[in-house]
Amino acid sequence: MTTIIRPERASAPRQSNVQFLLTVGLLPCLLILMFLGFTIMEPRFLDGANLMNIARQSVFLLLIAMGQMIVLINAQLDLSVGATVALTSVIVAMATAATADGPGSVLVGIAVGLVVGGAVGLLNGLIVAYLKVPSFMATLGSTSVLTGLALIISKGAPIVGVPLTFTDALATSSVLGIPVPVLVGITLSIGVGVFMSRMHAGRNMYAVGGNRAAALVAGVNVKRTIILAFVMCSMLAALAGILLTARVGSGEASLGASYVMLSIAAAVLGGTSLFGGEGVLWRVVLGVVFLGVLSNGMNLLHVSSYVQELVIGAVLIAAVAVERFRETT
């Protein structure tokens, strides 16, 4: 007796495997291959000090990418995160330089920076939610305004005089051998993950991004949810600006520009949908690690910055292409 295999049944497992690879297994596989490749080409890559350096370097992108993930889940986009970092850096440097060197300067720097980030996020959220300006245009305009403010306040020059206590506490100190910035990144990753998966406000963001009309009918306050998303995104970017200011020891109006594209790349590479309603934190963390390892490996191999820009751009295009393919399968 001849066994007939129906085409639709035979193709189902293959389609399922492809879907699994796209949604879960693709990025971890690429990461493992990249680790192996860089280890073979450059033995210093697996050195403990270098791995810790990757962690330090990735913290800033991780904070900004988490914020970008939150607004993307709401079917929005924030292009002002880089300018928020720059404005925060300038104002935090001025505020801490005006204080005496001591623990107070740390508290002042953190408080001022978070207020700046919260104000920027609130402004972006109000413009998008109430004026109904597309987030792409609203945050593009904000970028120009914030960059102009940072340049006017700093007069185009670095703001010096940041207290040593501030830089020591937030840049060079460590707890149980783990640098403070890395601890900040780990703590906030857990906090954001719990907020998005366990808390009512976090689940509302998925509902708004997935189907805004249905969320409205279900009683979700859509405008408040969108505003909250932008406030969280800008405050995370501001925190990255605070840590970067402590690291460089001055306020820089040029800080953060490269993080706009990288944060979108990390979020999309981690599976966050550009169309809203989908995204989980652990995948975004993997996306950040992927970009951090890629950048570090290319630096060790003395790849020029121009080529690195090219590779990062290609990765972003590939991530979006995979995202589109995944959406249609």
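In α3, the residues Ala-83, Thr-84, Ala-86, Leu-87, Val-90, Ile-91 and Met-94 meet Thr-143, Leu-146, Thr-147, Leu-149, Ala-150, Ile-153 and Ser-154 of α5, where contact means heavy atoms within 4.5 Å. By class, this contact of α3 with α5 holds 10 nonpolar, 4 polar and no charged residues; Ala, Val, Leu, Ile, Met, Phe, Trp, Tyr, Cys and Pro count as nonpolar, Asp, Glu, Lys and Arg as charged, and the others, Gly among them, as polar.

This is a predicted model, in which local features need pLDDT of at least 70 and side-chain atom pairs count only at pLDDT 80 or more, while totals for chains, interfaces and linings use all residues. Residues are numbered from 1 along each chain as its sequence is written, and side-chain values use heavy atoms, with hydrogens and water left out. Helices (H or I, at least four residues) are DSSP runs, numbered from the N terminus.

Helix α3 (residues 81-97) and helix α5 (residues 135-154) pack at an angle of about 25°, their axes being 8 Å apart; axes are lines fitted to C-alpha atoms, for helices over the stretch in contact, and angles run from 0 to 180 degrees between N-to-C directions. That makes α3 roughly parallel to α5, given that angles under 35 degrees count as roughly parallel, over 145 as roughly antiparallel, 65 to 115 as roughly perpendicular and the rest as oblique. The crossing of α3 past α5 is left-handed, a term used if the near helix is turned anticlockwise from the far one by less than a right angle, with right-handed used if clockwise.

Helix α2 (residues 48-73) and helix α12 (residues 281-300) pack at an angle of about 135°, with their axes 8 Å apart, and α2 is therefore oblique to α12. The crossing of α2 and α12 is right-handed. Among the residues that make this contact are Asn-50, Asn-53 and Ile-54 of α2, together with Leu-291, Gly-292 and Asn-296 of α12. The residues of the contact of α2 with α12 divide into 13 nonpolar, 5 polar and no charged.

Not counting residues up to four places away in sequence, Phe-290 touches Leu-27, Leu-30, Leu-31, Met-34, Leu-269 and Val-315.

Which residues does Gln-308 touch, not counting residues up to four places away in sequence? They are Ser-295, Met-298, Asn-299 and Val-303. Gln-308 lies in helix α13 and is buried, with a relative accessible area of 11%; buried means under 20% relative accessible area, exposed over 50%, and partly exposed in between (1.4 Å probe, protein chains only). Ser-304, in the loop between α12 and α13 (305-328), is partly exposed, with a relative accessible area of 34%.

Two lysines complete the tour. Lys-132, found in the loop between α4 (103-130) and α5, has a positive phi of about 60° although it is not a glycine, and at 57% relative accessibility Lys-132 counts as exposed. Lys-155, in the loop between α5 and α6 (164-172), has a positive phi of about 55°, although it is not a glycine, and counts as exposed at 73% relative accessibility.
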